[in-house]
Amino acid sequence: MKTSRYSCALQAAFIGIAVTGSVTIARADIKDYEFQLVDQSVQAGPDKTITVRLVSKSTGKPVPGAVIFATRLDMAPDGMQEMATKIAPVPGGEPGTYKFKATFGMAGRWQLSLGAKVQGETGTVDNKLVITAQK
Ligand SMILES: [Cu+2]
């Protein structure tokens, strides 16, 4: 017959852990954020929806609550930077994704320029993304 050799129990070892009053939050740099297209292409035509995701490159996680203050959509990638189209934000979407509505009057490559502020970060995110409008 075996006898238990446990003679003591672990007790009260974790009390100190919850007392960390000041956690140092590692601040990310504004360069650690980038916009990514959810879909690389759209159909040419009016009222098309563009969805972008703002991610932290260090964590790979989406970043909600950014304030997008600048948008431009033009055909610079196809040498038509003067061919710009109106772009309007659309509310809703998952946290960390941002939607816009725009008219793609021509098939080809369009450049979406975004300027944004991220909560708790100084500086701005400036990204240019290329969307292909298909016939
Ligand atoms: Cu064009």
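Student: In β7, which residue is the bridge partner of Lys-48?

Tutor: The bridge partner of Lys-48 in β7 is Ala-102. Before going on, note that this is a predicted model, in which local features need pLDDT of at least 70, side-chain atom pairs count only at pLDDT 80 or more, and totals for chains, interfaces and linings use all residues. Residues are numbered from 1 along each chain as its sequence is written, and side-chain values use heavy atoms, with hydrogens and water left out.

Student: How do strands of a sheet pair?

Tutor: Strands of a sheet pair through backbone hydrogen bonds, in a parallel or an antiparallel way. Strands are DSSP runs of E with at least two residues, numbered from the N terminus, and two of them pair if DSSP finds at least two bridges between them. Here β3 and β7 pair in the antiparallel sense over seven bridges. Strand β7 covers residues 97–104 and also pairs with β6, again in the antiparallel sense, over four bridges. Within β7, Ala-102 stands opposite Ile-87, and Lys-101 stands opposite Ala-88.

Student: What is the order of the four strands in the open sheet?

Tutor: The order is β1-β3-β7-β6, with antiparallel pairing. Strands β1 (33–37) and β6 (87–90) are at the edges with a single partner strand each, so one side of each has no neighbour in the sheet. On average, neighbouring strands of this sheet are turned by 30 degrees against each other, direction ignored; the axes are lines fitted to C-alpha atoms, and angles between N-to-C directions run from 0 to 180 degrees.

Student: Which residues take a positive phi?

Tutor: One of them is Gly-92, with a phi near 95 degrees, in the hairpin of β6 and β7, which has six residues between the strands. Another is Asp-47, which has a positive phi of about 55 degrees although it is not a glycine. Asp-47 is in strand β3 (residues 45–56). With a relative accessible area of 54%, Asp-47 is exposed; buried means under 20%, exposed over 50%, and partly exposed in between, using a 1.4 Å probe and protein chains only.

Student: What are the protein donors of the copper ion?

Tutor: A donor is an N, O or S atom within 2.8 Å of the metal (3.2 Å for Na, K and Ca), and sites may look incomplete, as water is not among the atoms. The protein donors here are the SD atoms of Met-75, Met-80, Met-83 and Met-106, lying 2.2 to 2.5 Å from the copper ion. Along the chain the donors follow the spacing M-x4-M-x2-M-x22-M. Met-83 is in strand β5 (residues 80–85) and Met-106 is in the loop between β7 and β8 (108–117), so this pair ties together parts 23 residues apart in sequence.

Student: Why is the arrangement around the copper ion tetrahedral?

Tutor: Four donors count as tetrahedral if all angles lie between 85 and 135 degrees. The four donor atoms subtend angles of 99 to 128 degrees, which makes the arrangement tetrahedral. Met-83 is partly exposed at 25% relative accessibility, and Met-106 is partly exposed at 30%.

Student: How is a pair of aromatic rings described?

Tutor: The description uses the distance of the centres and the angle of the planes. Rings of Phe, Tyr and Trp (its six-membered ring) pair if their centres lie within 6.5 Å; planes under 30 degrees apart count as stacked, over 60 as edge-to-face and the rest as tilted. The count comes to two aromatic pairs. Phe-35 and Tyr-98 have ring centres 6.2 Å apart and planes at 80 degrees, so this pair is edge-to-face. The pair links distant parts of the chain, with Phe-35 in strand β1 and Tyr-98 in strand β7, 63 residues apart. Phe-35 is buried, with a relative accessible area of 2%, and Tyr-98 counts as buried at 12% relative accessibility. The rings of Phe-104 and Trp-110 have centres 5.4 Å apart and planes at 85 degrees, so that pair is edge-to-face. Phe-104 and Trp-110 are both buried.

Student: What does the side chain of Thr-85 reach?

Tutor: A polar contact is a pair of N or O atoms within 3.5 Å; within protein, one must be able to donate a hydrogen and the other to accept it, and residues adjacent in sequence count only if both atoms are side-chain atoms. The side chain of Thr-85 reaches the backbone oxygen of Thr-103 at 2.7 Å. Thr-85 lies in strand β5 and counts as buried, at 17% relative accessibility.

Definitions and conventions: Tetrahedral: all angles 85-135°; square planar, octahedral: opposite > 155°, others 65-115°.
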